[in-house]
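Here's a quick briefing to read alongside the model. It walks through a few local spots, topic by topic.

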Amino acid sequence: MAELCINLVPLFNALPIDEQMQIEELIHHQNYRKNELVLAPTSNNNLIILAHGSARLYTLNKEGHENVIQVLKTGDYAGENWLFGEANTNTYVEATEDSEICLLNRNDFLALMKKQPELSIKLLEQNIIKVRALHKQIQLLSLPKVEDRLLNYLQTYAKKVGHKSFILPLKMKDLALYLGTTPETLSRKFVLLEKQGVLKRNLRQIQLLFKK
């Protein structure tokens, strides 16, 4: 039996069990294939919860190039702004592997907020975390050199997991998009950092070598 979506999401998992089960009854489970669009600007205003798999949330610039805002992993969610009436004019969510997505309807969610005001506080807390992450990405993209963006990203992730040796959480294509570059350029920058003695790399296994 698949794990309940509400058990995966910080927004809901602090609620009493009986209230969690009430929410779970309102959630619709849907499977998506790799590269299938989960959400587009014309989609309904649903809260999207990633139950299993991975997906990326991105926008398109005037030239049609993607700007990855967030890579969604198990337990991540998107769409809370649209639940409150904000129009989705340029945001897409695409499955990057076969995934199970949980959808919570806008009207159902707003009704829950009225019955359970503590959800408003939890939502605010989680949004603050998201805004901080987005601010960090903007700072990252402001660095002119791709190798500096890459190294900054690796340092930050190593600090987050508490280890200098780790597996990249993103595939090369998604990491390249996140860092505002191409997979080819990203591969060259990995080679450059290896030659500089900054790291060792075996596919997605990374080991940082410098002391910092």
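**Contacts and charges at a glance**

Leaving aside its neighbours within four places in sequence, P41 touches N88, T89, N90, T91 and Y92. Keep in mind that this is a predicted model.

**Around P41**
- You'll find P41 in the loop between β2 (37-39) and β3 (46-52).
- P41 is partly exposed, because its relative accessible area is 25%, which falls between the 20% and 50% cut-offs.
- The C-alpha atoms of P41 and V93 sit 9.7 Å from each other, though the two residues are 52 apart along the chain.

**Salt bridges**
- R33 and D98 pair up through their side chains, at 3.3 Å from N to O. R33 is in the loop between β1 and β2 and D98 in the loop between β7 (92-95) and β8 (99-105), so this pair ties together parts that are 65 residues apart in sequence.
- As for accessibility, R33 is exposed at 57%, while D98 is partly exposed at 43%.
- E94 and R56 make another salt bridge, at 3.0 Å from N to O. This pair links distant parts of the chain, with E94 in strand β7 and R56 in strand β4 (residues 55-60), 38 residues apart. Both E94 and R56 are buried.
- E147 bridges to K189, with the closest N and O atoms 3.2 Å apart.
- E147 is buried, with a relative accessible area of 17%.
- Salt bridges with shared partners also join R56, E66, E94 and D174 into one network.

**D174**
- D174 belongs to helix α6 (residues 172-178).
- D174 counts as buried, since its relative accessibility is 6%, under the 20% cut-off.
- Setting aside neighbours within four places in sequence, D174 is in contact with R56, V71 and T96.

**Positive patch**

- Most residues other than glycine have a negative phi.
- N35, in the loop between β1 and β2, has a positive phi near 75°.
- L203 also has a positive phi, near 60°, and lies in the loop between β10 (199-202) and β11 (205-208). L203 counts as exposed at 67% relative accessibility.

Technical notes. Residues numbered from 1 in each chain as written. Predicted model: local features only at pLDDT ≥ 70, side-chain atom pairs only at ≥ 80, totals over all residues. Heavy atoms only, no water. Helix = DSSP H or I, 4+ residues; strand = E, 2+ residues; numbered from the N terminus. Buried < 20%, exposed > 50% of the residue type's maximum accessible area, 1.4 Å probe, protein only. Contact = heavy atoms within 4.5 Å. Salt bridge = Lys/Arg side-chain N within 4 Å of Asp/Glu carboxyl O.
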